[in-house]
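I opened my notebook to go through this protein piece by piece. Here is what I looked up, in the order I got to it.

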Amino acid sequence: MIIRTRLAAGVCTLLAALTAGLAFPAGAAAGEPTGQDAPKVDLVLDVSGSMRARDIDGQSRMAAAKQAFNEVLDATPEEVELGIRTLGADYPGDDRKTGCKDTAQLYPVGPLDRTEAKTAVATLTPTGWTPIGPALLKAAGDLDGGDGSKRIVLISDGEDTCAPLDPCEVAREIAAKGIGLTIDTLGLVPTAKLSRQLSCIAEATGGTYTSVEHQDELTDRVNQLVDRAADPVVTPVATEGTDRCAGAPTLKSGLYTDREGFGQQRFYRVDVRPGQELRAAVSVAADRAVNPGYGVLMRAVTSKGREIVRGEAAGNGRTDVISTGLRYPKAESDDEDAPAEAVCLAVSHSFSAASGVKATPGLPLELTVDVVDAPSQAGDVAAFGLGRGWWLLGVLILTGFLAGLVWGWLSRWRVAVWRTN
C-alpha cells in the first residue's frame, strides 16, 4: 500500500514539475525557489558498540563509516553548511536512562572546515547505546532557522534502544512542524527489523532509505544526499482553506500547505480563463497514528457547487501519505474579453484518528496548482473526452461484430457437416 500511495505522490509531483516552467510567472510566485539561505545537512552517525563488527569489506563498520565521511567531506559543495552529530559515542555504561541521552554535536552545522571535521571524525570509537529518537530531535534543532533546504542523513547499524520514544513517531512529529526537513536513512548490514524502522523514519518526512553492505556504497549514497541538499528548494506557501466555496482563498500557480481536520472539507478558489487548463494535485500526510481504511478526494466545482471533474484515491493498511490529482481545461472563447471562471477545489479525506490520538491540529496537506495554456490538439484526452479514443472504440466494435459473424458462420458449417456425416 505504501508503494501505491508513494507512486501516486510521485506521479502528482512529476506532473507539477513538468508544468511548473509554463505555469509560474516571471516574478516571485508561490512555492518558487528563493535561494535566500544556504542548504544545511546534519550527518547523524551511530557510534554504538555494535559498530565494532567487522563485516564491511573486511573492516569494522566504524572504520568504513570514517573512510566514507572523509571522502564525503572532501566532496561537499562549498554552498552547503554541514554538521556531524553522534549517538552512542560517549557513555559505555549500563544505565539506560543515561545511555538514552548520549547524543552530541561532533561538528556544528555551518561553513565546512574540512580539516577540523576530519579530525573530529578520527576521534570516534564505538561505545554505547543507540538513542535514535533523541538524536533526531536534537538534529532537528541543529538545523533550526532559515528557509533553505534542511536534510538529516542518519547512518545506523541497529534499532533504537530507547523505547517508548519511537523514532518513527519522532520523525512524524518533525514532519508535522512543517519546517521542510527531510530525513534520509542508511542501514549498515541491516536486519529486517532495522530496515522497517529506518524505512518508516524516512517515509514520514519524504526521505529515502538505503541498505548498505559495502564501504563504496556508503560513500556514494551519502555523497548523493549531500549534493541533493544543494539543489534549489521549493518552499510551500501556507494558506487556509474555508468550509465553503464562497470566501475561499484565491490561489495562483504554486505550491501550498494547509491542515485539514478529520471529517472536514476545505475549499480553495482558482481563476481559469478561456483557453487555459487547471492542473491540481493534493497529498495528505498521516503525521500520527490513524485507523486503517482511508481515502482522499479532490473535486473541481463551479461557484454554484456543480461538480466538473474529480480525482480520488483510497487504501487500507498503514501509510504515510496518499495523493490524487485532476485536470480541467476551459474551452476557448470568441470573446477576447471573456471573464475568467472561478473554479473551486474541494479537498476532503477519510482518515480517522486512532484511539487515544489527538484529533487536532488537522492532518497536513500539500496542494499543487498549475494554470497553463490548454492543449490545442483535438485528440487531447483531458480536453475532449476520448479524443482519438473514439477511433479505437469504433475499430473494436467493428472487429467484434465481424468476428461474431465469422464465428457464427463457422459454427453453422460445422453443424451442417456433422449432420451430413
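Before my first entry I needed one term: an axis here is a line fitted to C-alpha atoms, for a helix over the stretch in contact, and the angle runs from 0 to 180 degrees between N-to-C directions.

**Entry: two helices.** I noted that two packed helices are described by the angle between their axes and the distance between the axes. I looked up helix α2 (residues 61-75) and helix α8 (residues 215-229): their axes come within 9 Å and cross at roughly 35°. The crossing of α2 and α8 is right-handed. Then I checked who does the touching. From α2 I wrote down A64, A65, Q67, A68, E71, V72 and A75, and from α8 Q215, L218, T219, V222, N223, V226 and D227. Sorted by type, the residues of this contact come out as eight nonpolar, four polar and two charged.

Entry: The average pLDDT of the protein is 83, and 86% of the residues score at least 70. Two stretches made me careful. Over residues 1-28 pLDDT stays under 50, and the model has 39 contacts beyond four places in sequence for them. Residues 377-388 also stay under 50, with 14 such contacts. Where pLDDT is low, the predicted coordinates should not be read in detail, so I left it there.

**Entry: the sheet.** I counted up nine helices and 15 strands in the protein. Six strands make an open sheet with mixed pairing, in the order β3-β2-β1-β4-β5-β6. Which strands stand at the edges? They are β3 (103-110) and β6 (209-212); each has a single partner strand, so one side of each lacks a neighbour in the sheet. Ignoring direction, neighbouring strands of this sheet are turned by 15° against each other on average.

**Entry: strand pairs.** I followed β1 (residues 40-46) next: it pairs with β2 in the parallel sense over seven bridges. V44 stands opposite R85 in β2. Six of the seven residues of β2 (residues 81-87) are buried, so this strand is largely enclosed by the rest of the structure. Strands β4 (residues 150-156) and β5 (residues 181-188) run parallel too, joined by seven bridges. R151 has T182 in β5 as its bridge partner.

**Entry: the whole protein.** Last, I zoomed out. The protein has 421 residues, and 47% of them count as buried. Among contacts with a separation of 6 or more, 76% are between residues 24 or more positions apart.

Notes. Residues are numbered from 1 along each chain as its sequence is written. This is a predicted model: local features need pLDDT of at least 70, side-chain atom pairs count only at pLDDT 80 or more; totals for chains, interfaces and linings use all residues. Side-chain values use heavy atoms; hydrogens and water are left out. Helices (H or I, at least four residues) and strands (E, at least two) are DSSP runs, numbered from the N terminus. A crossing is left-handed if the near helix is turned anticlockwise from the far one by less than a right angle, and right-handed if clockwise. Contact means heavy atoms within 4.5 Å. Ala, Val, Leu, Ile, Met, Phe, Trp, Tyr, Cys and Pro count as nonpolar, Asp, Glu, Lys and Arg as charged, and the others, Gly among them, as polar. Two strands pair if DSSP finds at least two bridges between them. pLDDT is the predictor's confidence in each residue, from 0 to 100. Buried means under 20% relative accessible area, exposed over 50%, partly exposed in between (1.4 Å probe, protein chains only).
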